[in-house]
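Take a look at the chain below before reading on. Turn it around and follow it from one end to the other.

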Amino acid sequence: MSNKIVSPCISICKTDPITGFCYGCARTEDEKKLWKDENTPDNWKKKNLETILERMKGWQAETFKESYENKIKEGVSIYKKHLLKKN
């Protein structure tokens, strides 16, 4: 995962019906699609990471940061790691 920008998905994939933002990563459906598109440039992904962090407040931001850092280091979000331990 050296220079690859890791997707902000932390495996909590539920969308708020009012804002249209994912509860886990604060992205819109369109932003999620762009992340999956292999032609999306890294500079867009870096800017989007900044944007989604600006959308988050309080515990959501702290939980996301901790889980995203874990995903970068270990390849899996804290939530997903917890689910895998249960199985």
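## About the model

This is a predicted model: local features need pLDDT of at least 70, side-chain atom pairs count only at pLDDT 80 or more, and totals for chains, interfaces and linings use all residues. Residues are numbered from 1 along each chain as its sequence is written, and side-chain values use heavy atoms, with hydrogens and water left out.

## The nonpolar core

In soluble globular proteins, nonpolar side chains tend to be buried together. A nonpolar core here is a set of buried Ala, Val, Leu, Ile, Met, Phe, Trp, Tyr and Cys residues joined through side-chain atoms within 4.5 Å. Buried means under 20% relative accessible area, exposed means over 50%, and partly exposed lies in between (1.4 Å probe, protein chains only). The largest core has 13 residues. Leu49, Ile52, Met56, Phe64 and Tyr68 touch the most other members. Helix H2 (42-55) and H3 are the elements that give two or more residues to this core. H3 supplies the largest share, three residues. Helices (H or I, at least four residues) and strands (E, at least two) are DSSP runs, numbered from the N terminus.

Now focus on Ile52. This residue belongs to helix H2. Its relative accessibility is 0%, so Ile52 counts as buried. Which residues does Ile52 touch, not counting residues up to four places away in sequence? They are Pro8, Cys25, Ala26, Arg27, Glu31 and Phe64. Contact means heavy atoms within 4.5 Å. Take Pro8 from that list. Ile52 and Pro8 are 44 residues apart in sequence, yet their C-alpha atoms are 9.0 Å apart in space.

## Aromatic pairs

How many aromatic pairs does a search of the whole structure find? There are two. Rings of Phe, Tyr and Trp (its six-membered ring) pair if their centres lie within 6.5 Å; planes under 30 degrees apart count as stacked, over 60 as edge-to-face and the rest as tilted. Trp35 and Trp44 form an edge-to-face pair, with 6.3 Å from centre to centre and 65° between the planes. Trp35 is buried at 7% relative accessibility. Trp44 is partly exposed, with a relative accessible area of 25%.

Phe64 and Tyr68 make a stacked pair, because their ring centres are 5.4 Å apart and their planes are at 10°. Both residues lie in helix H3, four residues apart, so about one helical turn separates Phe64 from Tyr68. Phe64 and Tyr68 are both buried.

## How H3 meets H4

Two packed helices are described by the angle between their axes and the distance between the axes. Helix H3 (residues 58-74) packs against helix H4 (residues 78-86) at an angle of about 70°, and their axes are 8 Å apart. Axes are lines fitted to C-alpha atoms, for helices over the stretch in contact, and angles run from 0 to 180 degrees between N-to-C directions. H3 and H4 are therefore roughly perpendicular to each other. Angles under 35 degrees count as roughly parallel, over 145 as roughly antiparallel, 65 to 115 as roughly perpendicular and the rest as oblique.

On the H3 side, the contact uses Glu66, Ser67, Asn70 and Glu74. On the H4 side are Ile78, Tyr79 and Lys81. These contact residues divide into two nonpolar, two polar and three charged. Ala, Val, Leu, Ile, Met, Phe, Trp, Tyr, Cys and Pro count as nonpolar, Asp, Glu, Lys and Arg as charged, and the others, Gly among them, as polar.

## Positive phi angles

Most residues other than glycine have a negative phi, and most peptide bonds are trans. Ser11 has a positive phi of about 70° although it is not a glycine. Ala26 also has a positive phi, near 65°.

Ser11 sits in the segment before H1, and Ala26 is placed in the segment before H1. Is Ala26 buried or exposed? Ala26 counts as buried, at 3% relative accessibility. Ser11 is partly exposed, with a relative accessible area of 25%.

## Two more residues

Glu29 is in helix H1 (residues 29-36). Glu29 is partly exposed, at 42% relative accessible area. Leaving out residues up to four places away in sequence, Glu29 touches Thr15 and Gly20.

Asn43 lies in helix H2. Asn43 is exposed, with a relative accessible area of 56%. The C-alpha atoms of Asn43 and Ser11 are separated by 23 Å, and the two residues are 32 residues apart along the chain.
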